[in-house]
Amino acid sequence: MIRTIFIILFVFLNSLGWSQISPGDLSEAHRQLEGIKNCTQCHVLGERVTNQKCLDCHQELNKRIEADKGFHASVEVKGKNCVACHNEHHGRKYDLTKLNEDEFNHDLTGYLLEGEHQNLDCAECHKTEHIQNKEIKALNRTFLGLSNDCVSCHNDFHQGTLSNNCLSCHDYNTFRPAPKFNHDETNFPLLGKHNSVECLECHQMDHLNGNEFQHFANVEHSNCTSCHKDEHQGRLGQNCTECHDHNSFHEIRKIETFNHDLTAYPLEGMHQKVECMECHKNSYTEPIKHDKCSTCHNDEHNGQFTSKDPNSDCAECHNLKGFDYTLFSIEKHNQTNFKLEGAHLATPCFSCHQEQGEWLFTNKETTCVACHENEHENKMSVKFTDQNGCANCHNVDTWHGVEFDHQQTNFKLEGAHANVNCKACHYRENTNQVVEQRFHTTSQNCLACHEDEHQGQFEKYGNDSCLKCHGFNNWEASKFSHQQTGFKLDGAHESLECYKCHAEVKKNQKIYTNYTYEDFQCAVCHK
């Protein structure tokens, strides 16, 4: 009875124009339900709003709940009434979802956000263009409708040529590289050097249907020549693996069993270590000339020998042990215009025959200064250093065995000078404490080598004043005669000791004997 009265009252009020008796405006999403005529679309008379009324309208959501999928099927929502979270009549601008995107736990939806997905804004995925269902897409106002398939949001770079299961190769962090991809699971496992080949070398970039595209599926690999150039140009067939493996083209699989002695050129010495391709540059089947070494080897001597004899060959000096070995013996060298003697016998060839990395044998100078630095240049007369002038002092055994006839100079060695080492006179330290050579510039003045013990008392007598008293045997004044001085000794003076008249004095921090007097009067000595 009460229900009947309510219906009559509802119809009567509506006929009077009372179309707005609800507690407030509906939200924008439900504005089409505004008006008293539409109340029963959501309300059941005499009862509260039921879940069934909501789900009768939101059918796509109902399907997901029935399938136990999505957020509304999670433990967070299951068992709750719709109006507990989504209630109405709070005005047009009221947010029915009240979703806090920053705090929302996306794991409750059944789609965990992993990798780069964690850094995305909701709107980057929840776009109308990503929704496949036309009815939901038409709503243009829901989080429903997205698919878990990668290609529902991302462009299919492979354009259908590979599986739709992107996660079999990729993860959620980056598209490139594909960390889950294992080439060994394809029908072309990567072996040997193929493991280090960049993908692009086999899987070429292209454009397909106006988009960038890389060929992964259906790449031809039935023969090695599908990717690799046939260096043999078909002469050895197409089965490369009969000789080669995946590690290197330069390693021949059957090289250990190949007997080169069966050919016209058995391999000996260093040739046994040479890689096949160093000789067989173009083909294993084409004949190679081998009558002369120069057929394969460069003439490191740049025609020094062939210019004199076009028929000469490396084998005259070298053998198959290597170019470092030579058959050119000392006996052969002694037949040239430079005989090896003394220390030259122990001198390695390169010391004389290699200049700035280049070997020089013919037209080689044989003078000493051609190989040895002239230590005495500009310091000794050229007649003793020019060309082979070194032999005036040195021999081929050692530089230190100096034998020089000093009598050839204008300073003959006499007395103690004959036993003096050359360096004592000819190697002197200058004012900068640098030792210098002095040969043709050496002064013959005694004081050039000897210290003036008399502190300049006899300078007035000239450079040869020392020789008036001293000889070359010792420092004794064997040539001195007091009778040749300005004060001849007679009487009691003849028996006096020298020091009685010539006392020691000190000058320039040195003590010396005073021999010269300006005055010979008796009172100078006798007081």
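Student: Which cysteine sulfur is closest to that of Cys 466, and how far away is it?

Tutor: The model is predicted, so local features need pLDDT of at least 70 and side-chain atom pairs count only at pLDDT 80 or more, while totals for chains, interfaces and linings use all residues. Residues are numbered from 1 along each chain as its sequence is written, and side-chain values use heavy atoms, without hydrogens and water. A disulfide is a pair of cysteine sulfur atoms within 2.5 Å, and the separation here is too far for a bond. The closest sulfur to that of Cys 466 belongs to Cys 446, at 4.1 Å.

Student: How many disulfides does the structure hold?

Tutor: A disulfide is a covalent bond between the sulfur atoms of two cysteines. The sulfur of Cys 296 has its closest cysteine sulfur in Cys 279, 5.0 Å away and too far for a bond. For the structure, the number of disulfides is zero.

Student: Is the ring pair of Trp 359 and Phe 361 stacked or edge-to-face?

Tutor: Rings of Phe, Tyr and Trp (its six-membered ring) pair if their centres lie within 6.5 Å; planes under 30 degrees apart count as stacked, over 60 as edge-to-face and the rest as tilted. The search of the whole structure finds seven aromatic pairs. In this one the centres are 5.8 Å apart and the planes are at 5 degrees, so the pair of Trp 359 and Phe 361 is stacked.

Student: What is the relative accessible area of Trp 359?

Tutor: Buried means under 20% relative accessible area, exposed over 50%, and partly exposed in between (1.4 Å probe, protein chains only). Trp 359 is partly exposed, and its value is 27%.

Student: At what distance from the ring centre of Phe 157 does Arg 176 lie?

Tutor: A charge sits over a ring if NZ of Lys or CZ of Arg is within 6 Å of the ring centre and within 35 degrees of the ring normal. Arg 176 lies over the face of Phe 157, and the distance is 5.0 Å.

Student: Which residue is the bridge partner of Asp 206 in S2?

Tutor: Strands (E, at least two residues) are DSSP runs numbered from the N terminus, and two strands pair if DSSP finds at least two bridges between them. Strands S1 (residues 205-208) and S2 (residues 211-214) run antiparallel and are joined by four bridges. In S2, the partner of Asp 206 is Phe 213.
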